[in-house]
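Walk me through this model, one region at a time.

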Amino acid sequence: MAEPSKVIHIRNVGHEIAEADLLQLLQPFGNVSKIALLQMQDLHNSVSALQYYSTVQPSVRGRNVYMQFSSHQELTTDQNSHGRNSDQESEPNRILLVTIHHMMYPITVEVLHQVFKAYGYVEKIVTFQKSAGFQALIQYQSLQEAMDAFGALHGRNIYDGCCQLDIQYSNLSELQVHYNNDRSRDFTNPSLPTEQRPRASQQGYPDPGGLYAFQQPGASYAQMGRAAMITAAFGGTLPPGVTGTNERCTLIVSNLNTDKINEDKLFNLFSLYGNIVRIKILRNKPDHALVEMADGFQAELAVHYLKGAVLFAKKLEVNYSKYPNITSAPDAHDYTTSSLNRFNSNVIKNYRHCCAPTKMIHISALPQEITEDVILNHVSEHGSVVNTKLFEVNGKRQALIQFESEEEATEALVSKHATSLEGNTIRISFSQMQSI
(Lines give C-alpha, C1' and ligand atoms only; values in the text may rest on other atoms or scores of the structure.)
Protein backbone atom coordinates (compact mmCIF):
# COMPACT_ATOMS: atom_id res chain seq x y z
CA MET A 1 0.00 0.00 0.00
CA ALA A 2 1.25 3.48 -0.88
CA GLU A 3 2.14 6.03 1.77
CA PRO A 4 -1.02 7.64 3.26
CA SER A 5 -2.46 10.43 1.14
CA LYS A 6 -5.58 12.58 1.13
CA VAL A 7 -6.14 11.27 -2.41
CA ILE A 8 -7.82 7.87 -2.73
CA HIS A 9 -7.71 5.80 -5.91
CA ILE A 10 -10.83 3.66 -6.52
CA ARG A 11 -10.65 0.79 -9.03
CA ASN A 12 -13.32 -1.26 -10.84
CA VAL A 13 -15.69 1.71 -11.20
CA GLY A 14 -18.17 0.77 -13.95
CA HIS A 15 -20.26 2.89 -16.32
CA GLU A 16 -23.26 2.48 -14.04
CA ILE A 17 -21.56 4.12 -11.05
CA ALA A 18 -22.02 7.88 -10.62
CA GLU A 19 -20.03 10.38 -8.55
CA ALA A 20 -22.83 10.47 -5.97
CA ASP A 21 -22.45 6.72 -5.43
CA LEU A 22 -18.73 7.10 -4.64
CA LEU A 23 -19.42 10.06 -2.38
CA GLN A 24 -21.84 7.93 -0.36
CA LEU A 25 -18.98 5.50 0.40
CA LEU A 26 -16.65 8.17 1.76
CA GLN A 27 -18.66 11.11 3.11
CA PRO A 28 -19.32 9.40 6.48
CA PHE A 29 -15.56 9.72 7.11
CA GLY A 30 -15.26 13.41 6.25
CA ASN A 31 -15.76 15.95 3.50
CA VAL A 32 -14.64 15.07 -0.03
CA SER A 33 -13.03 18.15 -1.54
CA LYS A 34 -12.40 17.00 -5.13
CA ILE A 35 -13.42 14.19 -7.46
CA ALA A 36 -11.21 12.86 -10.26
CA LEU A 37 -9.60 10.45 -8.08
CA LEU A 38 -11.23 11.20 -4.71
CA GLN A 39 -9.58 13.67 -2.36
CA MET A 40 -10.63 13.81 1.27
CA GLN A 41 -10.46 17.13 3.09
CA ASP A 42 -7.66 15.96 5.38
CA LEU A 43 -5.30 13.01 5.82
CA HIS A 44 -6.98 11.71 8.98
CA ASN A 45 -10.31 11.27 7.14
CA SER A 46 -8.56 9.44 4.32
CA VAL A 47 -6.73 7.05 6.67
CA SER A 48 -9.95 6.36 8.60
CA ALA A 49 -11.80 5.52 5.39
CA LEU A 50 -9.17 3.07 4.13
CA GLN A 51 -8.78 1.46 7.54
CA TYR A 52 -12.52 0.83 7.58
CA TYR A 53 -12.65 -0.52 4.02
CA SER A 54 -9.70 -2.82 4.69
CA THR A 55 -12.13 -4.94 6.74
CA VAL A 56 -15.40 -4.21 4.87
CA GLN A 57 -15.66 -4.84 1.12
CA PRO A 58 -17.03 -1.63 -0.44
CA SER A 59 -19.74 -2.32 -3.01
CA VAL A 60 -21.54 0.18 -5.26
CA ARG A 61 -24.60 -0.87 -7.27
CA GLY A 62 -23.70 -4.54 -6.81
CA ARG A 63 -20.12 -4.03 -8.03
CA ASN A 64 -17.17 -4.51 -5.66
CA VAL A 65 -14.77 -1.56 -5.82
CA TYR A 66 -11.23 -1.43 -4.44
CA MET A 67 -9.51 1.46 -2.71
CA GLN A 68 -5.90 2.42 -2.16
CA PHE A 69 -3.93 5.54 -1.39
CA SER A 70 -2.91 7.41 -4.51
CA SER A 71 0.67 8.37 -5.27
CA HIS A 72 -0.70 11.93 -5.54
CA GLN A 73 -0.70 13.86 -2.27
CA GLU A 74 -2.94 16.55 -3.74
CA LEU A 75 -5.25 16.81 -6.78
CA THR A 76 -4.86 19.87 -8.96
CA THR A 77 -7.72 21.08 -11.08
CA ASP A 78 -5.71 21.19 -14.32
CA GLN A 79 -4.93 17.45 -14.38
CA ASN A 80 -6.54 15.75 -17.36
CA SER A 81 -6.28 12.59 -19.42
CA HIS A 82 -4.10 11.84 -22.45
CA GLY A 83 -1.35 14.06 -21.01
CA ARG A 84 -2.95 17.04 -22.75
CA ASN A 85 -2.28 20.57 -21.70
CA SER A 86 -5.21 22.69 -20.59
CA ASP A 87 -7.26 24.26 -23.36
CA GLN A 88 -5.60 27.62 -22.81
CA GLU A 89 -2.21 26.13 -23.77
CA SER A 90 -3.18 23.55 -26.42
CA GLU A 91 -3.13 24.41 -30.11
CA PRO A 92 -6.51 24.60 -31.86
CA ASN A 93 -7.20 21.43 -33.83
CA ARG A 94 -10.10 20.09 -35.88
CA ILE A 95 -10.23 17.11 -33.46
CA LEU A 96 -11.77 17.77 -30.05
CA LEU A 97 -11.27 15.70 -26.89
CA VAL A 98 -14.53 15.73 -24.93
CA THR A 99 -14.91 14.51 -21.33
CA ILE A 100 -18.43 14.05 -19.93
CA HIS A 101 -18.77 14.96 -16.25
CA HIS A 102 -21.80 14.10 -14.03
CA MET A 103 -22.94 11.51 -16.57
CA MET A 104 -26.37 10.44 -15.28
CA TYR A 105 -27.68 9.36 -18.69
CA PRO A 106 -26.00 7.11 -21.29
CA ILE A 107 -24.09 8.93 -24.02
CA THR A 108 -23.72 7.26 -27.42
CA VAL A 109 -22.25 8.29 -30.75
CA GLU A 110 -25.75 9.30 -31.89
CA VAL A 111 -26.20 11.62 -28.91
CA LEU A 112 -22.82 13.28 -29.48
CA HIS A 113 -23.49 13.64 -33.19
CA GLN A 114 -26.80 15.41 -32.51
CA VAL A 115 -25.00 17.84 -30.20
CA PHE A 116 -21.92 18.60 -32.31
CA LYS A 117 -23.30 18.54 -35.89
CA ALA A 118 -24.96 21.92 -35.31
CA TYR A 119 -21.53 23.56 -35.67
CA GLY A 120 -20.22 21.85 -38.80
CA TYR A 121 -19.71 18.57 -40.60
CA VAL A 122 -18.64 15.88 -38.11
CA GLU A 123 -16.48 13.34 -39.92
CA LYS A 124 -15.68 10.85 -37.15
CA ILE A 125 -16.47 10.11 -33.49
CA VAL A 126 -14.72 7.63 -31.19
CA THR A 127 -15.86 7.09 -27.58
CA PHE A 128 -14.01 5.34 -24.75
CA GLN A 129 -13.77 5.06 -20.97
CA LYS A 130 -10.70 6.40 -19.16
CA SER A 131 -9.82 7.19 -15.56
CA ALA A 132 -11.08 10.74 -16.18
CA GLY A 133 -14.48 9.29 -17.09
CA PHE A 134 -16.41 8.84 -20.33
CA GLN A 135 -14.58 10.56 -23.19
CA ALA A 136 -14.93 11.07 -26.92
CA LEU A 137 -12.77 12.28 -29.79
CA ILE A 138 -14.75 14.26 -32.36
CA GLN A 139 -13.24 15.13 -35.74
CA TYR A 140 -14.65 18.01 -37.79
CA GLN A 141 -14.05 18.63 -41.47
CA SER A 142 -12.40 21.98 -40.77
CA LEU A 143 -10.53 23.74 -37.99
CA GLN A 144 -13.03 26.62 -37.92
CA GLU A 145 -15.95 24.24 -37.29
CA ALA A 146 -14.10 22.67 -34.35
CA MET A 147 -13.30 26.11 -32.92
CA ASP A 148 -16.96 27.16 -33.24
CA ALA A 149 -18.09 24.02 -31.41
CA PHE A 150 -15.46 24.51 -28.71
CA GLY A 151 -16.57 28.10 -28.09
CA ALA A 152 -20.28 27.23 -28.03
CA LEU A 153 -20.26 23.95 -26.10
CA HIS A 154 -17.38 23.94 -23.61
CA GLY A 155 -18.88 23.86 -20.10
CA ARG A 156 -22.46 23.30 -21.35
CA ASN A 157 -24.71 20.48 -20.11
CA ILE A 158 -26.28 18.05 -22.58
CA TYR A 159 -29.15 17.49 -20.13
CA ASP A 160 -30.50 19.69 -17.41
CA GLY A 161 -28.04 19.62 -14.51
CA CYS A 162 -25.84 16.78 -15.78
CA CYS A 163 -23.67 15.39 -18.60
CA GLN A 164 -21.41 18.46 -18.66
CA LEU A 165 -19.08 18.87 -21.66
CA ASP A 166 -15.42 19.50 -20.82
CA ILE A 167 -13.72 20.14 -24.19
CA GLN A 168 -10.04 20.36 -25.11
CA TYR A 169 -8.19 20.31 -28.42
CA SER A 170 -6.64 16.95 -29.23
CA ASN A 171 -3.10 16.66 -30.57
CA LEU A 172 -4.07 13.87 -33.01
CA SER A 173 -4.03 14.60 -36.72
CA GLU A 174 -6.55 11.95 -37.86
CA LEU A 175 -8.95 9.58 -36.11
CA GLN A 176 -8.85 5.90 -37.04
CA VAL A 177 -12.32 4.30 -37.02
CA HIS A 178 -12.67 0.56 -37.65
CA TYR A 179 -16.37 0.01 -36.87
CA ASN A 180 -19.61 1.96 -37.20
CA ASN A 181 -21.55 1.23 -34.00
CA ASP A 182 -22.70 2.97 -30.82
CA ARG A 183 -19.06 3.47 -29.69
CA SER A 184 -17.44 4.76 -32.88
CA ARG A 185 -18.56 6.09 -36.26
CA ASP A 186 -16.97 7.26 -39.51
CA PHE A 187 -19.64 9.41 -41.14
CA THR A 188 -17.54 9.60 -44.33
CA ASN A 189 -17.53 5.79 -44.71
CA PRO A 190 -20.97 4.27 -43.93
CA SER A 191 -19.91 0.85 -45.30
CA LEU A 192 -17.70 -0.02 -42.31
CA PRO A 193 -18.73 -3.19 -40.39
CA THR A 194 -20.68 -2.79 -37.15
CA GLU A 195 -19.07 -5.53 -35.04
CA GLN A 196 -22.21 -5.22 -32.90
CA ARG A 197 -21.99 -6.70 -29.42
CA PRO A 198 -24.91 -6.63 -26.98
CA ARG A 199 -24.49 -4.02 -24.26
CA ALA A 200 -26.70 -4.58 -21.22
CA SER A 201 -26.14 -1.01 -20.04
CA GLN A 202 -27.94 0.32 -23.11
CA GLN A 203 -31.00 -1.93 -22.96
CA GLY A 204 -34.26 -0.27 -22.06
CA TYR A 205 -33.47 3.08 -23.69
CA PRO A 206 -35.61 4.42 -26.50
CA ASP A 207 -34.08 5.29 -29.85
CA PRO A 208 -31.99 8.43 -29.19
CA GLY A 209 -32.87 9.80 -32.62
CA GLY A 210 -36.20 11.14 -31.41
CA LEU A 211 -35.07 12.58 -28.10
CA TYR A 212 -32.95 15.55 -29.01
CA ALA A 213 -33.37 18.97 -30.61
CA PHE A 214 -29.92 20.15 -31.64
CA GLN A 215 -30.68 21.09 -35.24
CA GLN A 216 -29.65 24.73 -34.97
CA PRO A 217 -26.86 26.40 -32.95
CA GLY A 218 -28.29 27.59 -29.66
CA ALA A 219 -31.27 25.21 -29.79
CA SER A 220 -32.61 24.21 -26.37
CA TYR A 221 -31.34 20.97 -24.89
CA ALA A 222 -34.21 18.48 -24.65
CA GLN A 223 -35.08 16.51 -21.55
CA MET A 224 -34.66 12.77 -21.82
CA GLY A 225 -37.77 10.60 -22.11
CA ARG A 226 -39.20 9.56 -18.76
CA ALA A 227 -38.66 5.83 -19.27
CA ALA A 228 -35.03 6.38 -20.23
CA MET A 229 -34.48 8.67 -17.24
CA ILE A 230 -35.82 6.05 -14.84
CA THR A 231 -33.74 3.28 -16.39
CA ALA A 232 -30.64 5.48 -16.31
CA ALA A 233 -31.22 6.18 -12.62
CA PHE A 234 -30.97 2.45 -11.97
CA GLY A 235 -27.66 2.21 -13.86
CA GLY A 236 -29.05 1.15 -17.24
CA THR A 237 -31.08 -1.88 -16.17
CA LEU A 238 -34.09 -2.05 -13.86
CA PRO A 239 -33.83 -3.99 -10.58
CA PRO A 240 -34.29 -7.77 -11.05
CA GLY A 241 -38.00 -8.57 -11.00
CA VAL A 242 -39.12 -5.05 -11.95
CA THR A 243 -40.61 -4.95 -15.45
CA GLY A 244 -41.33 -1.24 -15.82
CA THR A 245 -44.51 -2.14 -17.72
CA ASN A 246 -47.09 -2.15 -14.90
CA GLU A 247 -49.89 0.39 -15.38
CA ARG A 248 -51.89 -0.25 -12.18
CA CYS A 249 -51.43 2.63 -9.75
CA THR A 250 -53.48 1.51 -6.73
CA LEU A 251 -52.21 -1.02 -4.18
CA ILE A 252 -53.97 -3.04 -1.49
CA VAL A 253 -51.91 -3.35 1.70
CA SER A 254 -53.03 -5.94 4.26
CA ASN A 255 -52.04 -7.43 7.63
CA LEU A 256 -51.55 -3.98 9.14
CA ASN A 257 -51.22 -3.44 12.88
CA THR A 258 -54.52 -1.67 13.52
CA ASP A 259 -53.40 -0.32 16.90
CA LYS A 260 -50.39 1.56 15.53
CA ILE A 261 -50.94 2.34 11.86
CA ASN A 262 -52.50 5.41 10.27
CA GLU A 263 -52.50 7.04 6.83
CA ASP A 264 -49.54 9.34 7.50
CA LYS A 265 -47.34 6.45 8.61
CA LEU A 266 -48.23 4.53 5.45
CA PHE A 267 -47.44 7.67 3.46
CA ASN A 268 -43.99 7.90 5.07
CA LEU A 269 -43.19 4.35 3.98
CA PHE A 270 -44.73 4.21 0.50
CA SER A 271 -43.49 7.69 -0.49
CA LEU A 272 -39.98 6.21 -0.60
CA TYR A 273 -40.94 4.65 -3.94
CA GLY A 274 -43.02 7.38 -5.57
CA ASN A 275 -45.46 10.22 -5.08
CA ILE A 276 -48.67 9.39 -3.19
CA VAL A 277 -52.09 10.49 -4.51
CA ARG A 278 -54.42 9.12 -1.80
CA ILE A 279 -54.45 6.60 1.04
CA LYS A 280 -57.55 5.03 2.54
CA ILE A 281 -57.76 2.62 5.49
CA LEU A 282 -60.80 0.40 4.95
CA ARG A 283 -63.47 0.75 7.64
CA ASN A 284 -64.85 -2.76 7.20
CA LYS A 285 -61.30 -4.22 7.14
CA PRO A 286 -59.16 -1.93 9.34
CA ASP A 287 -56.06 -4.07 8.77
CA HIS A 288 -56.35 -3.27 5.04
CA ALA A 289 -55.53 -0.02 3.23
CA LEU A 290 -55.58 1.25 -0.34
CA VAL A 291 -52.55 3.27 -1.50
CA GLU A 292 -52.74 5.13 -4.82
CA MET A 293 -49.35 5.96 -6.35
CA ALA A 294 -48.72 8.58 -9.04
CA ASP A 295 -48.00 5.99 -11.76
CA GLY A 296 -47.70 2.27 -12.40
CA PHE A 297 -43.92 2.15 -12.27
CA GLN A 298 -43.82 3.68 -8.79
CA ALA A 299 -46.54 1.25 -7.68
CA GLU A 300 -44.45 -1.64 -9.01
CA LEU A 301 -41.42 -0.45 -7.05
CA ALA A 302 -43.50 -0.34 -3.85
CA VAL A 303 -44.78 -3.90 -4.40
CA HIS A 304 -41.28 -5.12 -5.27
CA TYR A 305 -39.54 -3.63 -2.22
CA LEU A 306 -42.26 -3.77 0.47
CA LYS A 307 -43.94 -7.16 -0.03
CA GLY A 308 -43.06 -9.12 3.12
CA ALA A 309 -41.60 -6.17 5.01
CA VAL A 310 -42.29 -6.20 8.75
CA LEU A 311 -43.99 -3.15 10.26
CA PHE A 312 -45.12 -2.98 13.90
CA ALA A 313 -44.58 -6.78 14.26
CA LYS A 314 -46.80 -7.53 11.24
CA LYS A 315 -45.58 -8.93 7.91
CA LEU A 316 -47.06 -6.72 5.19
CA GLU A 317 -48.88 -8.05 2.14
CA VAL A 318 -48.65 -5.61 -0.75
CA ASN A 319 -50.51 -6.35 -3.99
CA TYR A 320 -52.20 -4.54 -6.86
CA SER A 321 -55.78 -3.51 -6.19
CA LYS A 322 -58.71 -4.22 -8.51
CA TYR A 323 -59.61 -0.51 -8.18
CA PRO A 324 -57.89 1.82 -10.69
CA ASN A 325 -57.85 4.69 -8.19
CA ILE A 326 -59.16 5.88 -4.83
CA THR A 327 -62.24 8.09 -5.07
CA SER A 328 -61.95 11.41 -3.31
CA ALA A 329 -63.89 11.13 -0.04
CA PRO A 330 -63.72 12.35 3.58
CA ASP A 331 -62.16 9.05 4.71
CA ALA A 332 -59.55 9.09 1.93
CA HIS A 333 -56.49 11.15 2.84
CA ASP A 334 -55.38 13.23 -0.16
CA TYR A 335 -51.63 13.84 -0.63
CA THR A 336 -51.63 15.27 -4.17
CA THR A 337 -50.49 18.70 -2.99
CA SER A 338 -48.28 17.52 -0.14
CA SER A 339 -44.82 19.07 -0.05
CA LEU A 340 -43.66 15.83 1.58
CA ASN A 341 -44.00 13.86 -1.66
CA ARG A 342 -40.37 13.01 -2.34
CA PHE A 343 -40.47 12.73 -6.15
CA ASN A 344 -41.38 16.37 -6.84
CA SER A 345 -37.62 17.09 -6.97
CA ASN A 346 -34.34 15.13 -7.15
CA VAL A 347 -36.23 12.44 -9.05
CA ILE A 348 -33.15 10.57 -10.28
CA LYS A 349 -31.53 10.56 -6.85
CA ASN A 350 -34.74 9.26 -5.26
CA TYR A 351 -35.04 6.41 -7.77
CA ARG A 352 -31.38 5.57 -7.26
CA HIS A 353 -31.88 5.25 -3.49
CA CYS A 354 -34.92 2.94 -3.75
CA CYS A 355 -34.36 -0.26 -1.81
CA ALA A 356 -36.08 -2.70 0.54
CA PRO A 357 -36.07 -1.72 4.24
CA THR A 358 -32.62 -1.92 5.80
CA LYS A 359 -31.23 -1.64 9.33
CA MET A 360 -29.80 1.79 8.53
CA ILE A 361 -31.77 5.03 8.24
CA HIS A 362 -30.44 8.26 6.76
CA ILE A 363 -31.70 11.49 8.32
CA SER A 364 -31.37 14.82 6.50
CA ALA A 365 -32.64 18.41 6.90
CA LEU A 366 -31.23 18.42 10.45
CA PRO A 367 -30.56 21.62 12.41
CA GLN A 368 -26.96 22.76 11.95
CA GLU A 369 -26.14 22.64 15.66
CA ILE A 370 -27.80 19.28 16.36
CA THR A 371 -26.01 16.69 18.50
CA GLU A 372 -26.04 12.90 18.30
CA ASP A 373 -27.71 12.70 21.71
CA VAL A 374 -30.67 14.79 20.57
CA ILE A 375 -31.12 12.62 17.47
CA LEU A 376 -30.88 9.43 19.55
CA ASN A 377 -33.48 10.72 22.00
CA HIS A 378 -35.77 11.32 19.03
CA VAL A 379 -35.54 7.83 17.45
CA SER A 380 -34.26 5.35 20.05
CA GLU A 381 -37.75 4.52 21.37
CA HIS A 382 -38.25 2.44 18.22
CA GLY A 383 -35.42 -0.03 18.80
CA SER A 384 -31.85 -0.74 19.80
CA VAL A 385 -29.39 1.64 18.13
CA VAL A 386 -26.15 -0.12 17.21
CA ASN A 387 -24.21 2.84 15.81
CA THR A 388 -24.59 6.46 14.74
CA LYS A 389 -22.69 8.88 12.53
CA LEU A 390 -23.24 12.63 12.29
CA PHE A 391 -21.69 14.31 9.23
CA GLU A 392 -22.05 17.16 6.74
CA VAL A 393 -22.68 17.12 2.99
CA ASN A 394 -22.30 20.46 1.21
CA GLY A 395 -22.52 22.18 4.58
CA LYS A 396 -25.79 20.45 5.53
CA ARG A 397 -26.04 18.30 8.66
CA GLN A 398 -27.03 14.65 8.13
CA ALA A 399 -26.95 11.45 10.17
CA LEU A 400 -26.83 7.67 9.79
CA ILE A 401 -28.54 5.57 12.48
CA GLN A 402 -28.03 1.80 12.51
CA PHE A 403 -30.61 -0.34 14.33
CA GLU A 404 -30.38 -4.01 15.25
CA SER A 405 -33.08 -4.99 12.75
CA GLU A 406 -34.87 -3.83 9.61
CA GLU A 407 -38.15 -3.86 11.56
CA GLU A 408 -36.84 -1.35 14.11
CA ALA A 409 -35.45 0.92 11.40
CA THR A 410 -38.75 0.73 9.50
CA GLU A 411 -40.73 1.68 12.61
CA ALA A 412 -38.42 4.65 13.22
CA LEU A 413 -38.80 5.80 9.61
CA VAL A 414 -42.61 5.61 9.47
CA SER A 415 -42.96 7.21 12.91
CA LYS A 416 -40.38 9.98 12.68
CA HIS A 417 -40.14 10.99 9.00
CA ALA A 418 -41.44 14.57 8.57
CA THR A 419 -41.51 15.19 12.34
CA SER A 420 -40.11 18.35 13.87
CA LEU A 421 -36.70 18.28 15.54
CA GLU A 422 -35.51 21.55 17.09
CA GLY A 423 -37.66 23.46 14.61
CA ASN A 424 -36.65 21.53 11.47
CA THR A 425 -38.89 19.09 9.59
CA ILE A 426 -36.54 16.14 9.19
CA ARG A 427 -36.48 13.70 6.27
CA ILE A 428 -35.72 10.00 6.71
CA SER A 429 -34.98 7.28 4.17
CA PHE A 430 -33.29 3.88 4.22
CA SER A 431 -29.54 3.78 3.59
CA GLN A 432 -28.01 0.99 1.54
CA MET A 433 -24.79 1.14 3.57
CA GLN A 434 -24.18 -2.10 5.44
CA SER A 435 -22.43 -0.53 8.44
CA ILE A 436 -21.00 2.75 9.67
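Phe 297, Phe 343 and Tyr 351 form one aromatic cluster. The rule behind this takes the rings of Phe, Tyr and Trp (its six-membered ring) and pairs them if their centres lie within 6.5 Å; planes under 30 degrees apart count as stacked, over 60 as edge-to-face and the rest as tilted. The model is predicted, so local features need pLDDT of at least 70 and side-chain atom pairs count only at pLDDT 80 or more, while totals for chains, interfaces and linings use all residues. Residues are numbered from 1 along each chain as its sequence is written, and side-chain values use heavy atoms, with hydrogens and water left out.

By the ring rule the count comes to five aromatic pairs. Phe 150 and Tyr 169 make a stacked one, with 4.7 Å centre to centre and 10° between the planes. Phe 150 sits in helix H4 (residues 143-153) and Tyr 169 in strand E11 (residues 162-169), so the pair ties together parts that are 19 residues apart in sequence. Helices (H or I, at least four residues) and strands (E, at least two) are DSSP runs, numbered from the N terminus. Both Phe 150 and Tyr 169 are buried. Here buried means under 20% relative accessible area, exposed means over 50%, and partly exposed lies in between (1.4 Å probe, protein chains only).

Tyr 273 and Tyr 305 also form a stacked aromatic pair: 5.7 Å centre to centre, 20° between the planes. This pair links distant parts of the chain, 32 residues apart. Tyr 273 is in the loop between helix H6 (263-270) and strand E14 (276-281), and Tyr 305 is in helix H7 (residues 296-306). Tyr 273 is buried, as is Tyr 305.

Five of the six residues of E14 are buried, so to say it is mostly covered is to apply the buried cut-off. E14 pairs with strand E15 (residues 289-293) in the antiparallel sense, over five bridges. Two strands count as paired if DSSP finds at least two bridges between them. The bridge partner of Ile 281 in E15 is Ala 289. E14 also pairs with strand E19 (residues 333-334), again in the antiparallel sense, over two bridges. There, Arg 278 has Asp 334 of E19 as its bridge partner.

Now turn to the sheet that contains E11. It is an open sheet of six strands in the order E10-E11-E7-E9-E8-E12, with antiparallel pairing. Strand E10 (157-159) and strand E12 (184-186) stand at the edges with a single partner strand each, so one side of each is left without a neighbour in the sheet. The twist averages 25° from one strand to the next. Ile 125 stands opposite Arg 185 in E12.

Which strands does helix H3 touch? Helix H3 (residues 109-116) packs on the sheet and touches strand E7 (95-101), E8, strand E9 (133-140), E10, E11 and E12. Contact means heavy atoms within 4.5 Å. The direction of H3 makes about 130° with that of E8. Axes are lines fitted to C-alpha atoms, for helices over the stretch in contact, and angles run from 0 to 180 degrees between N-to-C directions. H3 is mostly covered, with seven of its eight residues buried. Among them are Val 109, Leu 112, His 113 and Phe 116. H4, the helix that carries Phe 150, lies across E7, E9 and E11 and runs at about 140° to E11.

Helix H9 (residues 372-379) has Ile 375, His 378 and Val 379 as its buried residues. Seen down the axis of H9, they fall within an arc of 80°, so they line one face of the helix. The arc is that of the directions from the helix axis to the C-beta atoms. On the other side of H9, Asp 373 and Asn 377 are exposed. The buried residues of H9 pack against strand E20 (360-364), strand E21 (385-393), strand E22 (396-403), helix H10 (406-416) and strand E23 (420-421).

What of the cysteines? A search of the whole structure finds zero disulfides, a disulfide being a pair of cysteine sulfur atoms within 2.5 Å. For Cys 355, the nearest cysteine sulfur is that of Cys 354, 7.7 Å away. Cys 355 counts as buried at 10% relative accessibility. Cys 163 is buried too, with a relative accessible area of 0%.
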